[in-house]
Amino acid sequence: MPEANPPELVVVGLGPADGRWLPPAAADAATRSTLLVLRTERHPAAAELAAQARARGVRVRSLDQHYETAGTLDEAYRSMVEDLVAEAARQPTCYAVPGSPLVAEATVRALRVDPRVRLRLVAAPSFLDLAWAALGVDPLEAGVRLVDAGDFAVEAAGQPGPFLVGQCDQPELLSAVKLAVAEWCELAGVEPPDGVLLHHLGLPDQLVVSVPWPELDRSVEPDHLTSLYVPRLAPTVSSEAARLEELVRELRTRCPWDREQTHGSLAPHLLEEAYEALEAVETVARLLAEDPAEDHPDLPAAVDHLEEELGDLVFQVALHSRLAAERGWFTWADVLRRVHDKLVRRHPHVFGSETASSAEEVAAGWERRKLTEEGRSDPFAGIPSALPALAQAAKVLRRAAALPGAWASPHGGPGSAPGPDAPGQSGAEPATAADPAGAVGEALLSLVALAGQLGVDAEAALRAATARFRHQVERSR
């Protein structure tokens, strides 16, 4: 049971630097107590406050011994809290912490929810006030987020910043921040920005210096008065995915058209966007084939168009995911997680112990694992009947090639080994002139098989040939 009237513990801030920044209210509270407890004597204003307290007959002690006896910082903070609760129960106690009691102060956070004491907080400026002045930054306008150096890799992941990283008191912490940002920027394909080290703000040896990112942990000897400003980073994949999800949610709420859509009504749009993206992909591929050095004058516009069309296609996926989420089926995050996990499973030669020395081996293994995972007895189940005929034929042939036993390529090319009822082979009815549609079909199927052996996409090859023919006809008119 919590005490009905727990003892009061007055908590004051020492300010961000030396005694010049010590709030008068902190000195007044300290001199009215019986005991002044300093979290650490290492703060530049600690000696000034201690001197004023002792001059009024107040006993002074610090909690520095807990840093030396505890195994971790969390253990040190817990033992400090127990120490303070015990002192407050014995006598009027004032607890002084660096900076402000409400900024990055773990012991105060714990004491505020501890029912054994009643806190009275005395406001004080923090290192944040000096940091904004040194940087010339309005934190609200810039959207700066304050992050503890020890939590940076987790708390800042997926966010573009900017960040003010506090408590960078060890080289190892600066190194961890450096590596985390470098990894995120590498994934985004950009260079890390220069960081700004803030050291001993408000003191005579104050240092505010812009540092190239690779030199971040080698530029100063950090201590408890060192912090780091990380400018805005390139948007990360996770942050942009979250923004898109929020946008789709808002469209479903506020846009009359989006609000009325269903999975069925969106199906034609998904197909249309897929074809438009495919056309953009083929345009880029054609320009690269014409000029492998990437100097084709039309390439920048084609790449920009490809980015736009892929975005339109992703929007359709996000919108379908939102519709499913509204029914409680799955979310956008579930879709992303599922495809991630599937790709890991389907690539045991990358993430497991299997080996694959060619793209053909990878493709065959993919189909075998797909059959096993989905427990299909029909090897062709899941091939959409609405696929264009050439694409459907290519998929059927790939599935057949992955089956146990050697199924022939319909055209009977090199390396083929006829299996029962293979198209155009022994065991199947041959196509004759009496069945022209069948003959043409088998000829097309054989061409698709040949294209597969040559590594050619039959659908794309036919579209390209049709486009060339169309261009020739148009030029000849």
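Student: In what order do the five strands of the open sheet run, and is the pairing parallel or antiparallel?

Tutor: Keep in mind that this model is predicted. The order is β3-β2-β4-β1-β5, and the pairing is parallel.

Student: Which strands are the edge strands?

Tutor: Look for strands that pair on one side only. Here these are β3 (59-62) and β5 (118-122). From one strand to the next, the twist averages 25°.

Student: How many bridges join strand β2 and strand β4?

Tutor: Four bridges, in the parallel sense. Strand β2 covers residues 35-38, and strand β4 covers residues 93-97. Take L35: its bridge partner in β4 is T93.

Student: Which strands does helix α1 touch?

Tutor: Helix α1 (residues 24-31) packs on the sheet and touches β1 (8-13), β2, β4 and β5. Its direction makes about 145° with that of β1. Helix α2 (residues 46-55) lies across β1, β2, β3 and β4. Helix α2 runs at about 170° to β2.

Student: What describes a pair of aromatic rings?

Tutor: Two values do: the distance of the centres and the angle of the planes. This structure holds two aromatic pairs. In one of them, F152 and F163 sit 5.4 Å apart, centre to centre, with 80° between the planes. Planes over 60 degrees apart count as edge-to-face, so this pair is edge-to-face.

Student: Why does the pair of F152 and F163 tie together parts that are apart in sequence?

Tutor: Because F152 lies in helix α8 (residues 152-155) and F163 in strand β7 (residues 163-166). Those parts are eleven residues apart in sequence.

Student: Are F152 and F163 buried or exposed?

Tutor: Both are buried. Ring pairs also link F152, F163 and W184 into a cluster.

How values were computed. Residues numbered from 1 in each chain as written. Predicted model: local features only at pLDDT ≥ 70, side-chain atom pairs only at ≥ 80, totals over all residues. Heavy atoms only, no water. Phe/Tyr/Trp six-rings, centres within 6.5 Å; stacked < 30°, edge-to-face > 60°. Helix = DSSP H or I, 4+ residues; strand = E, 2+ residues; numbered from the N terminus. Buried < 20%, exposed > 50% of the residue type's maximum accessible area, 1.4 Å probe, protein only. Pairing = 2+ DSSP bridges. Axes fitted to C-alpha atoms, helices over the stretch in contact; angles between N-to-C directions. Contact = heavy atoms within 4.5 Å.
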